[in-house]
Amino acid sequence: MSATAHSPHAVPRTGLILTGGGARAAYQVGVLAAIAQLRRDAGVQGANPFPVIAGTSAGAINAATLACQADEFDAAVDGLVHIWRHIHVEQVYAADSLGVIRTGARWMTMMSLGWALARWRRTKPRSLLDNDPLSHLLHRWINFERLDAMLDSEHLDALAISGSSYTSGQHVTFYQTHRPYEPWLRSQRIAVRAKLGIEHLLASSAIPFIFPAQQLELDGQLEWFGDGSMRQSAPISPAVHLGADRVLVIGAGRMHEPPGRRVTLVEGHPSMAQIAGHALSNIFLDALAVDVERLQRINKTLALLPPAAREGTPLRPIDVLVIAPSRRLDDLAAEHQGSLPAPIRAMLRSVGVAGEGKGATGSALTSYLLFEPSFTMDLVNLGMADTLARRGDVLRFFGWPAQAQRNDPARLRRGGDRPAEAAREVRTEAPTPV
């Protein structure tokens, strides 16, 4: 990973990387809640701890929330905890029988009978699910009008949101800053300075096949964009290019599996759900692990160079802390598959999703779609516990003083009991699907 050298800062500029993963992004909020509590316990107040924020897919939604409330970090985290602990499927995609028939059933019909129905254009659905409810929720939840003020007042240096263009095949990072940063160009990925909005979040979180593509303007022309995790070969790169000296990365899946093979015996050919879940894991999880390893190798290489040689290279060491789930999230999703609405369960059953608990199948796929409190609350709590287990690493990374008091997840539930003022404006009942 290379970047033009930046002038050293008295305090290292910290970047935050929030990756994609649909409902799995609730884990990120648990990590942020624990960090907010550790920060308070260390007696650190005031400035936003993450002046550079980069998000992809569902992580872009969390990123935009933090960026637009960069002057009130604790309140922003409280609001995110409140939302993710009370979210329901109906707030993200149409899950009633009519909505499923209008999208999912029609999509499957086209897959099987498209040769006979191709002449009727109106029968061609755009995706498996209709995410219009998500658009309504985001417009009520995130106030992008505040972003300019956060940048102008230097509560925030940069926000980056990534998408993948179906039109050109390029991976594009849209970024908004106050200071001038030159766009960067790499193989199959570019950066574009833009005024960010809800449309960028919808494009970045448009999971392939599942949610519809969105149009965004690029170089004066409209292009169709899908989930930013697709073709994202360097997830950490945007934060580095935008001036981060150190980076906190919050993953949405395990970075390393325990030793030994993990084999789930399946009779016959793998189902569509298993194949889809495997493909989504490749899209959302694999690139991050590779990029972290690449960054660590560069850091080790730079450490071997004498000072004169190091000054002659555009590469610079980037301190990185990665916090990722300590258990497999598809196993956790399997325990909650039954909480999906009946029409969604019926639709997913046709592609191989069935059961609940240890004998469940297709849970890798459902882990991205399970926007229900039973699952997201477990993810939030897991994120809290994983972060507290690495308390020493977090304090060292930020340079915060160690404190004697012990922390536990029960103390971190500010968002569930005392949500931010913005969160009160978002009612937990599902918006009416359009």
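This is a predicted model: local features need pLDDT of at least 70, side-chain atom pairs count only at pLDDT 80 or more; totals for chains, interfaces and linings use all residues.
Residues are numbered from 1 along each chain as its sequence is written, and side-chain values use heavy atoms, with hydrogens and water left out.

**View 1. The annotated pair, Ser57 and Asp227.** An unreviewed UniProt entry puts the feature "active site" at these two residues; such annotations may be inferred rather than shown by experiment. They are spread over 171 residues of sequence, yet they cluster in space, with a largest C-alpha distance of 5.8 Å. Of the two, Ser57 is included in the lining of the largest cavity (on a 1 Å grid over the protein atoms alone, a set of points where a 1.4 Å probe fits but cannot get out; lining residues have an atom within 4 Å of a point). The side chains of Asp227 and Ser57 are joined by a polar contact of 2.7 Å (N or O atoms within 3.5 Å, one able to donate a hydrogen and the other to accept it).

**View 2. Around Ser57, in the loop between β2 (52–56) and α2 (58–68).** Helices (H or I, at least four residues) and strands (E, at least two) are DSSP runs, numbered from the N terminus. Ser57 has a relative accessible area of 1%, so it counts as buried (under 20%, with exposed over 50% and partly exposed in between, using a 1.4 Å probe and protein chains only). Leaving out residues up to four places away in sequence, its contacts (heavy atoms within 4.5 Å) include Gly20, Gly21 and Ser229. Its phi is near 55°, a positive value in a residue other than glycine.

**View 3. Around Asp227, in the loop between β8 (221–226) and α8 (237–241).** Asp227 is buried because its relative accessibility is 0%. Beyond four places in sequence, Asp227 touches Ser57, Ser164 and Phe284, among others.

View 4. Glu154 counts as exposed because its relative accessibility is 51%. Glu154 is not a glycine, but its phi is positive, at about 65°.

Key:
On a 1 Å grid over the protein atoms alone, a cavity is a set of points where a 1.4 Å probe fits but cannot get out, and a pocket is an open set with protein on both sides within 12 Å along at least five of seven lines; lining residues have an atom within 4 Å of a point.
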